[in-house]
Structures are given as structure tokens and as C-alpha cells.
Amino acid sequence: MSIYEDSRTVSRTDLAAWLRQLANQLESGGQLFYGAAGAVKVADQVRCELEIEREGDTELSVEIEFSWDAPEPAESAEDEPAEEESDEEEESEEETAAAEETAGDSAAEAVKA
């Protein structure tokens with residue numbers, strides 16, 4: 001399922017600036033912003049792939065892809081069995097749910113040059 005895709009022709013200088021912007025976002029919080037208001041939180045550990053290929057006699061491409069596993073979604077209160085929990089257990093579950101909520105979905109970026 002594609003979340004976002006953008007394809008355009010840019011100068012090599014503009015491409016370098018865009019890659020720097022992505023790198024800065026990864027370093028400062030790990031959230032990549034896309035489109036008008038989209039964002040995805042990148043995990044601390046990712047799988048990376050760099051592919052350089054020749055397509056035909058005249059076209060070369062460079063693809064950069066990174067991916068990670070999305071965290072499991074938090075269970076809603078309706079799904080949980082009705083039992084009493086201690087305050088410590090409730091706080092721990094709330095912290096886990098908040099962390100998972102901000103983690104976002106898995107996405108991969110590919111750049112063709």
C-alpha cells in the first residue's frame with residue numbers, strides 16, 4: 001500500500017538539497033515530512049538498500065530504500081478483559097500505547113536520479 005509518491009525532474013543541486021533535508025529530519029527526531037501535512041516516524045534501526053542500475057543503453061538509476069517493522073497497534077479498552085490493574089501497570093500500558101501511537105507506519109523512500 002503506497003502512502004505517498006512524488007516524481008519530478010530536478011537539478012542535481014536541488015536533489016542534493018532534498019537529500020540533505022531528509023538527512024536532517026532523520027537526525028533531528030526521526031520524523032520524515034511529506035506532502036502538504038504528512039509525516040512518518042522512522043525507527044531507530046532500519047534496513048537499508050542502495051541500488052545502482054543501468055536501464056537500457058542510456059538511462060542510469062540510483063534507488064535508496066530503507067524500511068522497518070511498524071510496531072504492533074495498541075489494544076483498545078474494549079478489547080481488553082475486564083480486570084482490575086494496579087496503577088503501575090496502567091501507567092506502563094499508557095506509556096507503551098503513547099510510544100506506539102507516535103511510531104507511525106512503515107514506509108520506504110526511493111530516489112531515482
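1. Tryptophan 68 is buried, at a relative accessible area of 5%. Buried here means under 20% relative accessible area, exposed over 50%, and partly exposed in between (1.4 Å probe, protein chains only). Phenylalanine 66 also counts as buried, at 14% relative accessibility.

2. A word on the basis. This is a predicted model: local features need pLDDT of at least 70, side-chain atom pairs count only at pLDDT 80 or more, and totals for chains, interfaces and linings use all residues. Residues are numbered from 1 along each chain as its sequence is written, and side-chain values use heavy atoms, with hydrogens and water left out.

3. The structure holds 2 aromatic pairs. Tyrosine 4 and tyrosine 34 form a tilted one, 5.0 Å centre to centre with 35° between the planes. Tyrosine 4 sits in the segment before α1 and tyrosine 34 in strand β1 (residues 31-34), so this pair ties together parts that are 30 residues apart in sequence. Tyrosine 4 is partly exposed at 40% relative accessible area; tyrosine 34 is partly exposed at 22%. The rings of phenylalanine 66 and tryptophan 68 are stacked, because their centres lie 6.2 Å apart and their planes meet at 20°. For both pairs the cut-offs are these: rings of Phe, Tyr and Trp (its six-membered ring) pair if their centres lie within 6.5 Å; planes under 30 degrees apart count as stacked, over 60 as edge-to-face and the rest as tilted.

4. Helices (H or I, at least four residues) and strands (E, at least two) are DSSP runs, numbered from the N terminus.

5. Leu15, Leu22 and Gln25 are buried in α1. Seen down the helix axis, the buried residues of α1 fall within an arc of 85°, so they line one face. That arc is taken from the directions from the helix axis to the C-beta atoms. The face turned away from the buried side carries exposed Arg12, Thr13, Arg20 and Glu27.

6. Now the surface. Trp18, Leu19, Leu50, Ile52 and Ile64 form a nonpolar patch with about 460 Å² of accessible area together. α1 (12-27) and β3 (47-55) each supply at least two of its residues. Leucine 50 lies in strand β3 and is exposed, at 58% relative accessible area. Patch residues have over 30% relative accessible area and no salt bridge; like charges are joined within 9 Å, nonpolar side chains (Val, Leu, Ile, Met, Phe, Trp, Tyr) within 5 Å. A salt bridge is a side-chain nitrogen of Lys or Arg within 4 Å of a carboxyl oxygen of Asp or Glu. Accessible areas come from the Shrake-Rupley method with a 1.4 Å probe; for residues, only the protein chains shown count as cover.
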